[in-house]
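Here is a short briefing on one protein model. It covers a sheet, a helix pair and the domain layout.

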Amino acid sequence: MPHTETVKLIPNTGWDERILVCRNGTLVNVFIVVTARYVVIVDTLINPATAQRLVDYAQTYLPGRQLLVINTHADYDHAWGNQLFAGPRAPVPAPILAHRMAAARLGAPETAQELAEMQAKEPAIFGPVVLTKPTITFDTALTIGGGDLTLELFPTPGHTPDHIAIYVPEIRTLLAGDAAELPFPFAHTADGLPQMRASLAALAKLKATTVLYCHAPGETGPRLLRDNLAYFDALEAACRAALAQNPGLDPDQMDDLAAALNCAYADVTPRGGAWDEVDSFYRTEGHAEQLRMMLAWLRASGQDQA
Ligand SMILES: [Zn+2]
């Protein structure tokens, strides 16, 4: 699906009015949090033009407030608009806060390679992108005292190693980033899978009443956190059963992994509603990829011997 520079404001369906939700095409939702002291842009979208749209939406709140920027992680849909805020010719200078590993990822050769590939495919969108690192990084926790609202930033690795989430205790609101997604978040390595499930469990424990996600349009509550956890628990049970019956199972040599493991998407996801409406990718390849990752993790951690 080609990318777009359209960024729309999503109508508020009940969350605190100090949070604006902005949507880039059908790709990703990002946030603007307006506190007494700061206007905080959470994620910078895919290029400088889309980041500028966020600044446009933030503009009316900026007089008398400092602008801050956060990257929940360094993926292209969250951090490739950073150059608007940092660098020698940044048009809207502002501190960019992120986990230390987000800076490392933005400086990594693989990210430069990914950018080059996307520039070749969609030069109008990605041609202008200059990978730009966050300017203030942390390892374990960082708190922003906004005056009326407090933003608590903390690591939630798994989807990526640099991922952070943000909790606003005064309004019991969690910005989960990509730590949870509809119908499920992806870990990119087998190691990331247990981390991702631990992060989901930690987020569910916060007992937030409002939870906003980057890839779960329409979801504003904590239920998705529990549903994501339930999905991975059911997936693990199916994989353990399959390994017990067939210890020589090679996940890479089965054409239809879900069928071979007798673990269909519909069997391990909540029934009805949004889960039936997700893109078919999630029900087929996406679900098979999750099975492959779960088997790889069980095998690597020696749990297939148990
Ligand atoms: Zn994302």
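**Sheet, helices, domains**

In this predicted model, 5 strands form an open sheet in the order S8-S9-S10-S11-S12, and the pairing is mixed. Strands S8 (142-145) and S12 (210-213) are at the edges; each has a single partner strand, so one side of each has no neighbour in the sheet. On average, neighbouring strands of this sheet are turned by 20° against each other, direction ignored.

**Strand pairing**
- Strands of a sheet pair through backbone hydrogen bonds, either parallel or antiparallel.
- S9 (residues 150-155) and S10 (residues 164-168) are paired in the antiparallel sense, over 4 bridges.
- Opposite Pro-155 stands Ile-164 in S10.

**Helix pair**
- Helix H6 (residues 192-205) and helix H7 (residues 223-245) have axes that come within 9 Å and cross at roughly 145°.
- The crossing of H6 past H7 is left-handed.
- H6 contributes Arg-197, Leu-200, Ala-201, Leu-203 and Ala-204 to the contact.
- H7 contributes Leu-225, Arg-226, Asn-228, Leu-229 and Phe-232.
- Sorted by class, the H6 contact with H7 holds 7 nonpolar, 1 polar and 2 charged residues.

**Domains**
- The protein chain divides into domain 1 (7-222) and domain 2 (230-305).
- Between the C-alpha centres of domain 1 and domain 2 there are 29 Å.
- Domain 1 gives 9 residues to the contact, and domain 2 gives 13 residues.
- On the side of domain 1 that touches domain 2, the classes are 7 nonpolar, 1 polar and 1 charged residues.

Terms used. Residues are numbered from 1 along each chain as its sequence is written. This is a predicted model: local features need pLDDT of at least 70, side-chain atom pairs count only at pLDDT 80 or more; totals for chains, interfaces and linings use all residues. Two strands pair if DSSP finds at least two bridges between them. Helices (H or I, at least four residues) and strands (E, at least two) are DSSP runs, numbered from the N terminus. Axes are lines fitted to C-alpha atoms, for helices over the stretch in contact, and angles run from 0 to 180 degrees between N-to-C directions. A crossing is left-handed if the near helix is turned anticlockwise from the far one by less than a right angle, and right-handed if clockwise. Two residues are in contact if their C-beta atoms, placed from the backbone, lie within 7 Å. Ala, Val, Leu, Ile, Met, Phe, Trp, Tyr, Cys and Pro count as nonpolar, Asp, Glu, Lys and Arg as charged, and the others, Gly among them, as polar. Domain bounds come from an automatic or database domain assignment.
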